[in-house]
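Hi,

Here is the structure I said I'd pass on. Have a look at it first, and my notes follow below.

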Amino acid sequence: MSIRPATPADVPAILQLIIDLAVYEREPDAVKATVTGLTESLFGAAPTVEAIVAEHDGAVAGMALFFTNYSTWSGKNGLYLEDLYVTPEARGSGLGKALLQRLAAIAVERGYARVEWSVLDWNAPAIGFYRSIGAVPKDEWTVYRLDGDALARLGGDALARPGDDTLAALGTTPA
């Protein structure tokens, strides 16, 4: 077993793990990611995510995909774990814990305040595992998401506002 930073050669395996995770989470058709897009996000000119992989018996058998977030209350960055997945065949071998330990070590090395993630409320095995390593649920918080038509509508309204130079000030231009 080994944990290491992902390389461009790992992207097809990472994408397959993402697909396998979507199947496990009962969303088999939800993955729109591609090898090209994931490669750009991980290793392009301006990477927006990072990944570590776990190898078991010479093959990638797990991964953690994460990105930097920020806490205004602590005044420090943190890591947001977007996906953690270990293949069914490698579960129970310590890969999941090793991935989270490495992620925690990255946060500590960088001086970050926390690592956080979401878990589906029906995923009892994951919840039990997370509690066993000392993670605590933030039950008072509810996750909200803006995507699809609602995102386009709200973002489009802002783009149409005359005299609003926020996007230009942020170095962003409409697609």
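Leaving aside its neighbours within four places in sequence, Leu 21 is in contact with Asp 83, Leu 84 and Tyr 85 (contact meaning heavy atoms within 4.5 Å). Bear in mind that this is a predicted model, where local features need pLDDT of at least 70, side-chain atom pairs count only at pLDDT 80 or more, and totals for chains, interfaces and linings use all residues. Residues are numbered from 1 along each chain as its sequence is written, and side-chain values use heavy atoms, with hydrogens and water left out.

Leu 21 sits in helix H1 (residues 11–24); helices (H or I, at least four residues) and strands (E, at least two) are DSSP runs, numbered from the N terminus. Is Leu 21 buried or exposed? Leu 21 is buried, at a relative accessible area of 7% (buried is under 20%, exposed over 50%, partly exposed in between, with a 1.4 Å probe and protein chains only). Its C-alpha atom is 8.8 Å from that of Thr 87, 66 residues apart along the chain.

Now for the sheet. It is open and mixed, with five strands in the order S1-S2-S3-S4-S5 (two strands pair if DSSP finds at least two bridges between them). Strands S1 (2–5) and S5 (115–117) stand at the edges with a single partner strand each, so one side of each has no neighbour in the sheet. S3 (residues 59–71) and S4 (residues 76–86) run antiparallel, joined by 10 bridges; one of the pairs is Met 63 with Tyr 85 in S4.

Finally, Leu 154 is in helix H5 (residues 148–159) and is exposed, with a relative accessible area of 52%.

Cheers
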